[in-house]
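Subject: Handover of a structure, with notes

Hello,

Here is the structure I said I would pass on. My notes follow below it.

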Amino acid sequence: MVSESESSDIAPAAGPGPGSRIFVAGHRGLVGSAIVRRLEAGGFENLLVRSRSELDLTSEAAVEAFFEAERPEYVFLAAAKVGGIQANSTYPAEFIRDNLAMQTNVIHSAWKHGVNKLLFLGSSCIYPKHAPQPMPEDSLLTGPLEPTNEWYAVAKIAGIKMCQAYRKQYGFDAISLMPTNLYGPGDNFDLQNSHVLPALLRRFHEAKQAGQPEVVVWGSGTPRREFLHVDDLADAAVSLMQRYSRPEIVNVGVGEDISIRELAELIQQVVGYEGALVLDRDKPDGTPRKLLDVSRIHALGWRARIPLADGIEQTYRWFLDHQEQYRGE
């Protein structure tokens, strides 16, 4: 007897080769740009990319026309509207509408036009607020979500289920990865809608430049988070695109977490800021702990390789080289 998940599994398609036509949706974002770097480094030469002005992924007609004309063989679906607690709270309608539209259009057109395989990027936000720690993949839909980002999470859960439904009904080889908190070159350093790590990097840097006596960090500092360098995620995505073909989602993380206060102190050290670190306990903390159970991807033979301190130093150097674009905001 086989389980339902085993019965819905399909024979894996051959992975992409150097000449395969590979569409990276969202290639200018943090994740998409890292996947492009990883593919180019691996000798994949036939990449299809489109900017937002060239292809509106929220438009069903535009996405349909793109797949009809370009006929990609493999798709990395890394396009998404993302942001931190403040952005999720301010723009809930945009977070759920835009993400549902983009992923629905791309997944459906990919299947309709005979794409060999699609990889969907989800998020650790899909798991319940009080999921067991570390969070295993089977804790999905076992409890209420963290309310500060539930709109984004619901859209991502719909994307996972759409991949599984298309596999079950049509035999479409669609797989889903759940990365933990990401950071790295190309991150969003906008203080209004960035995630905690790039936001802290920029705030400590600007405080150092201005000679400010203190930097205020939101919340109690006690929540614990896991951070994965985006180049590690890209490596995992390319690896699983080549050799994983099952309906079960796969967590991608490092398997270790750190408190927000410890993270702030590490960033303070990397930046070289000598002022005080002050916690604003009136601001929300979000989920108390978010650590992924990475035993499944470890069993598949993949592990993260970039230590957090090294990754933050690399990201800070990238920020220093690109900070002109953030001045005057």
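Is the crossing in which α7 passes α9 left-handed or right-handed? The crossing of α7 past α9 is right-handed; a crossing is left-handed if the near helix is turned anticlockwise from the far one by less than a right angle, and right-handed if clockwise.

Before the rest, a word on what you are looking at. This is a predicted model, in which local features need pLDDT of at least 70 and side-chain atom pairs count only at pLDDT 80 or more, while totals for chains, interfaces and linings use all residues. Residues are numbered from 1 along each chain as its sequence is written, and side-chain values use heavy atoms, with hydrogens and water left out.

Helix packing around α7

Helices (H or I, at least four residues) and strands (E, at least two) are DSSP runs, numbered from the N terminus. Helix α7 covers residues 196-210, and helix α9 covers residues 260-271. The two pack at an angle of about 45 degrees, with their axes 9 Å apart. Axes here are lines fitted to C-alpha atoms, for helices over the stretch in contact, and angles run from 0 to 180 degrees between N-to-C directions. That angle makes α7 oblique to α9; angles under 35 degrees count as roughly parallel, over 145 as roughly antiparallel, 65 to 115 as roughly perpendicular and the rest as oblique.

On the α7 side the contact (heavy atoms within 4.5 Å) is made by V196, L197, L200, L201, F204, H205 and K208. From α9 come I260, L263, A264, I267, Q268 and V271. By class, the residues of the contact of α7 with α9 are 10 nonpolar, 2 polar and 1 charged. In this scheme Ala, Val, Leu, Ile, Met, Phe, Trp, Tyr, Cys and Pro count as nonpolar, Asp, Glu, Lys and Arg as charged, and the others, Gly among them, as polar.

Helix α7 also packs with helix α11 (residues 308-322), where the axes come within 11 Å and cross at roughly 60 degrees. α7 and α11 are therefore oblique to each other, and their crossing is right-handed. L197, L201, R202 and H205 of α7 meet L308, I312, T315, Y316, F319 and L320 of α11. The residues of this contact of α7 with α11 divide into 7 nonpolar, 2 polar and 1 charged.

Helices α2 and α8

Helix α2 (residues 30-41) and helix α8 (residues 230-243) have axes that come within 8 Å and cross at roughly 60 degrees. That makes α2 oblique to α8. The crossing of α2 and α8 is right-handed. α2 brings L30, V31, A34, I35, R37, R38 and L39 to the contact, and α8 brings V230, D231, L233, A234, D235, A237 and V238. This contact of α2 with α8 has 10 nonpolar, no polar and 4 charged residues.

Cysteines

A disulfide is a covalent bond between the sulfur atoms of two cysteines. Counted as pairs of cysteine sulfur atoms within 2.5 Å, the disulfides come to 0. C125 is in no disulfide, and the nearest cysteine sulfur, that of C163, is 17 Å away. C163 is likewise in no disulfide. C125 counts as buried at 14% relative accessibility, and C163 is buried with a relative accessible area of 1%. Buried means under 20% relative accessible area, exposed over 50%, and partly exposed in between (1.4 Å probe, protein chains only).

Single residues

E64 lies in helix α3 (residues 60-70) and is partly exposed, with a relative accessible area of 22%. Not counting residues up to four places away in sequence, E64 touches S109, K112 and H113. E64 and S109 are 45 residues apart along the chain, and their C-alpha atoms are separated by 5.8 Å.

Some backbone values also need a note. Most residues other than glycine have a negative phi, and most peptide bonds are trans.

- R71, in the loop between α3 and β3 (74-77), has a positive phi near 50 degrees. R71 is partly exposed at 39% relative accessibility.
- L141, in the loop between β4 and α6, has a positive phi of about 65 degrees. L141 counts as exposed at 56% relative accessibility.
- The peptide bond from Q133 to P134 is cis, with omega near -10 degrees. P134 lies in the loop between β4 (117-121) and α6 (150-170).

Regards
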